[in-house]
Amino acid sequence: MTITMDRRRFLLQSAGGSLAGGLAAARGAPATAPLPADGAAGPIVQSPPVVMAPRADGAEIVWAVARLARGRVEVDAGGKTRVFAGTPDGFAPQGDRVLRVRLDGLKPGTVCRYRTITEAGAPPAAREESPWRTFRTLDPAASATHFAVWNDTHNQAPVLGKLDDLTPEVDVLFWNGDTCNNWDEENWIAPTLLHPGGRDLTARRPLCFVWGNHDVRGRWAFRASAYVAMPQGRPFHAFRSGPVAFVCLHTGEDKPDDHPSFEGRAAFEPLRREQAAWLRDHVLATPGLCDAPFRVVVCHMPMRMADETGKADYDLFGKRSRDLWHDPLVAWKAQVVVSGHAHQPAWIPASDAFPYAQLIGGGPKPENATWIDGQAGPGGLRLVMRKLDGSVVADQTLQPVR
């Protein structure tokens, strides 16, 4: 059976909404309660604090709330407590579904203690404090870094739980797309992104979110970005951790923007062009990115497949993106593109036509799910992809860019 049919069968069986004939409760959808009305009693906070978009000088803390609330974050870094309680437009962080607080001005490679404080924004009055927790800022000058990659979890709670158990403490965890099936209900978003499978994903590691095609699909997909922090406020970015420069790209949907299934909601061609210009103008010109010993691209849809001859009603690889991004990625001397999407794990070595290798994670069924462990240091960049039973699917070591 082809990869195309395997992937289609999974999505038809596990997704709700249009893919499952409009079933009210889709297999693989998160368990949720109706959204409470403003002024309701009960707990305000609905998820653990999630450390997203880690940077050398900070991160962003995101958490779900049940009703209108205000939030702030207290940070203890080096024995000095700072309070982060403002937004660029002069408001205290507030919202009726999610709160986000950006932390700035911290030192690279620093372990910071933090807690969130949440207060009701309407009667009845209430205040909730999270326990003190820790995270570490990234260190671009470090001699080594350790990262992990998940992909295509599609609301599979047992898989998420196993991934969380297996993945060690790392400098950054990349969640490389397709966290969900479709956003057919608004109240699926918070538990999927901020408390998936009831897990506290960032208790031991900060999270870097990378958009997949299912993360932008469904009538409520336009709301998902409110729950996802990005370092520069765009759905693509680049950063340095130790000897590795990471470029995170948004490959958009797997069909043309005018495909009837999107009902006019998709507009990813301009975003792809914007990223092509950004690769040329920013990544290729920024010290720390353009001269890093190791250079890794993280994006949901692969830039390459071993067999690109098959035809389907969706892309098995991101040809629309590759047509725009290939030349600047080659100029940047990208070494490997780390992706998902195909639901079949694969390693494709670099070639003359494609100087970057392609690593594709599997998923989302337990027998095919994978996680990728990346460690870079003086001995090279080692990428090990394992299944949930511990078996090794790929084990490759890259040497520094020459």
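Buried residues account for 55% of the 402 residues in the protein chain, a figure that refers, like everything below, to a predicted model. The protein chain has 5 helices and 21 strands, and among its contacts between residues at least 6 apart in sequence, 70% join residues at least 24 apart.

**Aromatic pairs**

The structure holds 12 aromatic pairs. One of them is formed by Phe-174 and Phe-239, whose ring centres lie 6.0 Å apart with 20° between the planes; the pair is therefore stacked, since planes under 30 degrees apart count as such. This pair links distant parts of the chain, with Phe-174 in strand E11 (residues 172-176) and Phe-239 in strand E13, 65 residues apart. An edge-to-face pair is made by Trp-175 and Phe-209, with 6.5 Å from centre to centre and 80° between the planes. Here too distant parts of the chain are linked, Trp-175 belonging to strand E11 and Phe-209 to strand E12 (residues 207-210), at a separation of 34 residues.

| Residue | Relative accessible area | Class |
|---|---|---|
| Phe-174 | 0% | buried |
| Phe-239 | 10% | buried |
| Trp-175 | 1% | buried |
| Phe-209 | 3% | buried |

Phe-174 and Phe-239 also belong, together with Phe-147 and Phe-246, to one aromatic cluster. A ring is involved in another way at Trp-132, where the charged end of Arg-113 sits over the ring, 4.4 Å from its centre.

The buried residues in H4 are Leu-271, Arg-272, Gln-275, Ala-276, Trp-278 and Leu-279. They cover an arc of only 165° around the axis, which means that they lie on the same side of H4. The partners against which the buried residues of H4 pack are strand E13 (237-241), strand E14 and helix H5 (319-332).

Thr-251 is placed in the loop between strand E14 (244-248) and helix H4 (269-281). Thr-251 counts as buried because its relative accessibility is 1%, where buried means under 20%. Not counting residues up to four places away in sequence, Thr-251 touches Trp-211, Arg-272, Cys-299, His-300, Met-301, Met-303, Ser-321 and Trp-325. Arg-272, one of these contacts, is itself among the buried residues of H4. With Met-301 there is also a polar approach, in that a polar atom of the Thr-251 side chain lies 3.3 Å from the backbone nitrogen of Met-301.

**Asp-200**

Leaving aside neighbours within four places in sequence, Asp-200 is in contact with Pro-48, Pro-49 and Arg-133. Pro-48 is 152 residues from Asp-200 in sequence, yet their C-alpha atoms are 6.2 Å apart in space. With Arg-133 the contact is polar and runs from side chain to side chain, at 2.9 Å.

Notes:
Residues are numbered from 1 along each chain as its sequence is written. Side-chain values use heavy atoms; hydrogens and water are left out. Helices (H or I, at least four residues) and strands (E, at least two) are DSSP runs, numbered from the N terminus. Buried means under 20% relative accessible area, exposed over 50%, partly exposed in between (1.4 Å probe, protein chains only). A polar contact is a pair of N or O atoms within 3.5 Å; within protein, one must be able to donate a hydrogen and the other to accept it, and residues adjacent in sequence count only if both atoms are side-chain atoms. Contact means heavy atoms within 4.5 Å. The arc is that of the directions from the helix axis to the C-beta atoms. Rings of Phe, Tyr and Trp (its six-membered ring) pair if their centres lie within 6.5 Å; planes under 30 degrees apart count as stacked, over 60 as edge-to-face and the rest as tilted. A charge sits over a ring if NZ of Lys or CZ of Arg is within 6 Å of the ring centre and within 35 degrees of the ring normal.
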